[in-house]
Amino acid sequence: MQLTRAAEPLQPSPTGSSGLDHPRFACLLIVEDEAAQLRTLTRIMQAEGFEVFGCQTAAAALDYLQRRDVGVAIIDLRLPDLDGVRLVHRIREVNCTARV
């Protein structure tokens with residue numbers, strides 16, 4: 001599984017935290033077509049305190065983003081309905097604030 005990274009690194013806040021404790025980053029979108037991988041990633045991130053929404057297709061991810069804002073998206077590059085790079089571009093059109 002290949003994951004995309006943020007276009008720019010997170011910058012420390014003036015208080016010294018990474019900024020990941022900001023409420024905007026509390027909601028995480030994981031797009032992974034393999035169910036076992038998706039369950040594993042979801043459990044790991046939930047254990048770290050994130051609210052996680054997982055989906056197995058690019059279409060489901062785009063539908064979710066029409067209704068909800070997320071701070072971070074982790075995307076498999078090989079999806080059944082759209083490659084991950086194209087999905088990143090579509091996400092930025094729909095939700096330009098998410099770090100992908």
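This note goes through the model's confidence, its sheet and one of its helices.

1. Basis. This is a predicted model; local features need pLDDT of at least 70, side-chain atom pairs count only at pLDDT 80 or more, and totals for chains, interfaces and linings use all residues. Residues are numbered from 1 along each chain as its sequence is written, and side-chain values use heavy atoms, with hydrogens and water left out.

2. Confidence. pLDDT is the predictor's confidence in each residue, from 0 to 100. The chain has a mean pLDDT of 79, and 73% of its residues reach 70 or more. Over residues 1-20, pLDDT stays under 50. The model has 29 contacts for that stretch beyond four places in sequence; a contact means heavy atoms within 4.5 Å. Among the elements of the chain, helix 1 (residues 35-47) has the highest mean pLDDT (97) and helix 3 the lowest (90). Helices (H or I, at least four residues) and strands (E, at least two) are DSSP runs, numbered from the N terminus.

3. Three strands form an open sheet in the order 2-1-3, with parallel pairing. Two strands pair if DSSP finds at least two bridges between them. Strand 2 (51-55) and strand 3 are at the edges, each with a single partner strand, so one side of each has no neighbour in the sheet. The twist averages 20 degrees from one strand to the next. Angles run from 0 to 180 degrees between N-to-C directions, and axes are lines fitted to C-alpha atoms, for helices over the stretch in contact.

4. One pairing. Strand 1 and strand 3 pair in the parallel sense over four bridges. I30 stands opposite I74 in strand 3. Helix 2 packs on the sheet and touches strand 1 and strand 2; its direction makes about 160 degrees with that of strand 1.

5. Helix 3. Which residues of helix 3 (residues 84-94) are buried? They are G84, L87, V88 and I91. They lie on the same side of helix 3, because they cover an arc of only 105 degrees around the axis; the arc is that of the directions from the helix axis to the C-beta atoms. Buried means under 20% relative accessible area, exposed over 50%, partly exposed in between (1.4 Å probe, protein chains only). The face turned away from the buried side carries the exposed R86 and E93. The cover over the buried residues includes strand 1 (27-31), helix 2 (58-67) and strand 3 (72-75).

6. L87. This helix 3 residue is buried, with a relative accessible area of 0%. Among the residues L87 touches, not counting those up to four places away in sequence, are V31, L62 and I75.
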